[in-house]
Amino acid sequence: MFAKSSSSKDTFLEQTKAAREERALEKKREQSAVKIQAIIRGWLARRRFIKQILNDFDQLLGEPTSHGSPEEPQTPELLPALDVYRVTCRLFLVFKQQRDRKRFERLCKYIVQTLHSESVKLSYVGVFLNKEYSLQWIAHIKDLLYKCCLYLEELKPESPLDMQSILIHLHTLVAFTATNTWALTRLKNFEKLRGGMTQLCANVMGSLFHKGYYLTLKSLLLRGLCREKVCLKNIALTAIVTLSLRPLVSAQFSEKLLTMYIIQILSVPCLVFHMHQISPESIVAFRSHAMFDKCVEFLSADQNMRIVFNTLEGNYALCLLANLVQLAHSEREFAQPDTYYPTFVLVVTRFLDCCQQYVVCKKGNLSNWHPVLGWFSQGFDAYLPPAMGNLRTQLSLLWGAPLLKKLLAMPLKEMLDAGVTGEEGAGPSQPSTPVQSNNPAAFIRRAIEARTNRVNAHKNFRKLGSPDCTKAALICSMYHTALQTMTQVKLDILTGLCNQDEILYSLWQFLCTLGPNCGLKSFLDLLAVNTKTSAPEFQMLILFSDCMTHYVTILDDMEMYEQQDPFKLQDFINMSQFLNMFIYKSIMGQLFELKSIGHSALFVSLHTLLLVLYRRDCRRAYAPPQHWLVRDIRDTHFMQDLEKGKKPQQVLVQKTPHMIAHGERVRLFRRAVADEKVVLGLTERACGGRSTLVTVRRTRLVEDGYRQLAALPSRALRGVVRVRFINEQGLDEAGIDQDGVFKEFLEETIKRVFDPSLNLFCTTSEERLYPSPTSCLQENHLQLFEFIGRMLGKAVYEGIVVDVPFASFFLSQVLGQTQQALYSWIDELPSLDRDLYRSLTYIKHFQGDISTLELTFSVDEERLGEIVTHELVPGGKAIPVTNENKINYIHLMAHFRMHTQIKDQTNAFIKGFRTIINPEWLSLFSTPELQRLVSGDNVPLDLRDLRRHTQYYGGFHDSHRVVCWLWDVLQRDFSEHERAMFLKFVTSCSKPPVLGFAHLKPPFSIRCVEVGDDEDTGDTIGSVIRGFFTIRKKDPLNRLPTSSTCFNLLKLPNYQKRSTLRDKLRYAVNSNTGFELS
């Protein structure tokens, strides 16, 4: 009973609980329904409200319904401005940017149209004149113009529909940021209100400025201009430029607004370029407000420059610079005189200096390739790449003719025409370190200076640091900085500076006014103080040297040696004298840090120009003899200091060996060879009789020599090599090799391989040798060239002179000069083919249209009866030669003939040559000097030197009657040519050794002979006694003198008459001239 009662209670409680929860849920549903209904009612009410507002607006300012031509603008009927204002204010309450885009555009078009009305009730500005609405109207206009900016940020200029919208919004902004289109202001009754209206526009622009007005314009410019196809037309660009200038003008060019303008607007890539192309009116606006002067003046302040550059960083700073450069170009007739110098010059220099911090030496993970600056440590955005071509065009105006004339040519001409004034100072600059009066050296110095001053008393010189010098130096410093920073257009800059209005020659004339020898002493004194060479005067010197190097490199022989316009040969002589002495004194005085001298821009620049001038003189002389030697160098003391390891002397030998006498350099070379032999243990004593034995057949000389020596290690080939000849019968030839047999092997090998009939080498019109382009017809021709290089290297290594005249262009490649960036192939083309050089020079100076000659970038060559066409560039057969590319054509043609055709042969020869001869040793010599090292000195035969170093055998001695006759005949009866032929007769080479006959190996010797060569068995006791005492065995009337060139030995019969000796010797010399090359 109790259990049943308990169960019913639980059921009741559960039912009660469920009923309570049901009531709560029902209440919640009712509340939710009420809330949802309220939200829906509100939403519907808002929709009705919005719809009502939109309908009211559309009824008032609906789409035009005219069916007329779309090209005829429709003039809407003007409505009361207050009505439009009220409807617009209500629209702005519910405004949505995407939904109401078309309505907003209709509104903008309408209210701009109303501004042309002179009725206060109809003009939209008339609302402002109503006191009840004036403040609200101002806020309303600010809101309206801000909405225009928002639309401008999202619209796409490349879309024609969007472009129409952009023009509407720009028109609205233009209309409400100035009062000049407000018809009301032209009424007499409103004259007093004009000031207030203008202030109203300034207030509106100030509000827009704080909301990112300039950012909006910048974004629109970037999207419209920085693309492959520019989208902005004249009206749009003019409007944007006008809008960008108005806040500046309104604020009277305050620093804050000018900063923002420069950063946001003037840094847009190629803005000024497109203004010139699309909107000339904008340039006029810039000019009327003197924008160029104001911007440059503003940027000339250090703090302003730092703010601008740090904000823009590298890429857009360069864009700003490009725009300034184009403004400088277009405003050169209108800007203030002092805007260009010093203001513009300093601004450009600083900009370029700042950009340089982003330029990196090589490619890296964080670097990007910049077509103007090279590898650049800053990324590109989407707007920069399409603008790079025009950016280069803008920057190129800096070294174009008009700006160069304005910035550099005219100031230099004015300074040169004015001469040196008293303020500039006369005589060379004072030494940077005072000289003690009680120092004995001071008296000598004062005496020398007094003498110098007397000589130069009639001349006035500018001092370094004078106003004129500083002006020239700062302008040059700007261009030098441009060369350092804009690495990818360096060639364009140099070409511009070299080709315009004789600027380079004027700069040279200006340098000549800085003191005797171009102000040598002044520059050295400055270098002693300014060791980092950061002074602008040094940058002027660097710029001149870089430009002059470029100029001389592209100068052909006719321009340099015949026309001499504007530079005369004497100018090159004076220039090289200054460079030679400056480099010599700066090295010897250790004014440069000698350990890192190769990193000094000043040294590298001057040294490069010096070498270019020196090599030009080596190829075709223009300087007097001994011009390149430094008189201050005392050979004995210099060589002693060099042996002691003194750094200045080592640097001088390494960098400018031409300052040292040629003989001393040859001794250095011989000493280096001797030292290497000692180190490698290759001397006769160290070898202990060990040597490499080569057995060769007379009939197979080259083949046997190549087979045995080609694979020989270079160390073994540098050592003692002995040769055993096998005669035609297959028997060993008698005789012991005392260097003579090896010399004979070397001479015979060289004679055969250089014979043009073998087709390994061919000759120029001047009988000079160079590798044959068709040598590939010879089997293993490259291996043979390497073998020839090794053999010639061995001859030079051992000091054996061989009569092998090489073409100078080939020797330049052996020396490695052609690997240098400033080597000009066209310069050395005459040494290969003078006719081709004349033809290419004709093309270079051709005044008409070169395309009429119907040339292409290809060359035809006849090979085995077939015409083979070589293209100078890929697709060259289809590329015509024009006036624009003809310089490139002549250089490519010279490069093809002198390098490409024989590249493999030359490389193989050089490889073999350098296995024996260290390339560092070769750097001691110029091209002609290397020829002298190979073939002997190009000087008349010195009989005294030869006699002093002659050895006698067979009874002959220096006082012997026949020997005395011999020397007398050579001295008195033989011509210089015959004496050279005599030398070739006895040594196989017509030229004496470079250091004289003391270095002839083996030494020259004369032996008395009584029988013919075929019966000659050498000296016997009887023959020596008869020869010594001149005992007459029989008169050798039918005998001729003979020679063994391998031993440098003259076999002379014991003639009884001087006349017989003369006639027989002359006949022998002229009929047996050793091996011929052709």
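1. Pro342 lies in helix 14, which covers residues 337–356, where helices (H or I, at least four residues) and strands (E, at least two) are DSSP runs, numbered from the N terminus. A cis peptide bond joins Tyr341 to Pro342, with omega at about 5 degrees. Asp565 and Pro566 are also joined by a cis peptide bond, with omega about 0 degrees, and Pro566 is found in the loop between helix 23 (557–563) and helix 24. Most residues other than glycine have a negative phi, and most peptide bonds are trans.

2. A word on the basis of these values: this is a predicted model, in which local features need pLDDT of at least 70 and side-chain atom pairs count only at pLDDT 80 or more, while totals for chains, interfaces and linings use all residues. Residues are numbered from 1 along each chain as its sequence is written, and side-chain values use heavy atoms, with hydrogens and water left out.

3. For the overall picture, the protein chain holds 44 helices and twelve strands. Of its 1078 residues, 51% count as buried, where buried means under 20% relative accessible area, exposed over 50%, and partly exposed in between (1.4 Å probe, protein chains only). Among the contacts in the protein chain with a separation of 6 or more, 75% are between residues 24 or more positions apart, a contact being heavy atoms within 4.5 Å.

4. Asn517 has a phi near 55 degrees, its place is in helix 21 (residues 516–529), and with a relative accessible area of 29% Asn517 is partly exposed. Gln590 likewise has a phi near 55 degrees, and Gln590 lies in the loop between helix 24 and helix 25 (601–619).

5. Is Ser506 buried or exposed? Ser506, which lies in helix 20 (residues 503–512), has a relative accessible area of 13% and is therefore buried. Leaving aside residues up to four places away in sequence, Ser506 touches Leu412 and Leu416.

6. Helix 18 (residues 467–485) has 19 residues and reaches 27 Å from its first C-alpha to its last, close to the 27 Å expected at 1.5 Å a residue; the expected span is 1.5 Å times one less than the number of residues. Because 14 of the 19 residues of helix 18 are buried, this helix is largely enclosed by the rest of the structure.

7. Helix 28 (residues 662–680) also has 19 residues, and its reach of 27 Å is close to the 27 Å expected. The buried residues of helix 28 are His662, Glu664, Arg665, Val666, Leu668, Phe669, Val673, Glu676 and Lys677. What covers them includes helix 26 (635–643), helix 27 (647–655), helix 31 (714–718), helix 33 (781–798), helix 38 (919–922) and helix 39 (927–935). After helix 28 comes Gly681, whose phi is positive, near 70 degrees.

8. How do helix 28 and helix 39 cross, and at what angle? Their axes come within 12 Å and cross at roughly 60 degrees, where axes are lines fitted to C-alpha atoms, for helices over the stretch in contact, and angles run from 0 to 180 degrees between N-to-C directions. That makes helix 28 oblique to helix 39, since angles under 35 degrees count as roughly parallel, over 145 as roughly antiparallel, 65 to 115 as roughly perpendicular and the rest as oblique. His662, Arg665, Val666, Phe669 and Arg670 in helix 28 meet Glu929, Arg932 and Leu933 in helix 39. By class, this contact of helix 28 with helix 39 has three nonpolar, one polar and four charged residues, with Ala, Val, Leu, Ile, Met, Phe, Trp, Tyr, Cys and Pro counted as nonpolar, Asp, Glu, Lys and Arg as charged, and the others, Gly among them, as polar.

9. Helix 22 (residues 536–554) and helix 24 (residues 569–588) pack at an angle of about 135 degrees, with their axes 13 Å apart, which makes helix 22 oblique to helix 24. Their crossing is left-handed. Leu541, Phe544, Met548 and Val552 in helix 22 meet Phe572, Met575 and Phe578 in helix 24, and by class this contact has seven nonpolar, no polar and no charged residues.

Technical notes: A crossing is left-handed if the near helix is turned anticlockwise from the far one by less than a right angle, and right-handed if clockwise.
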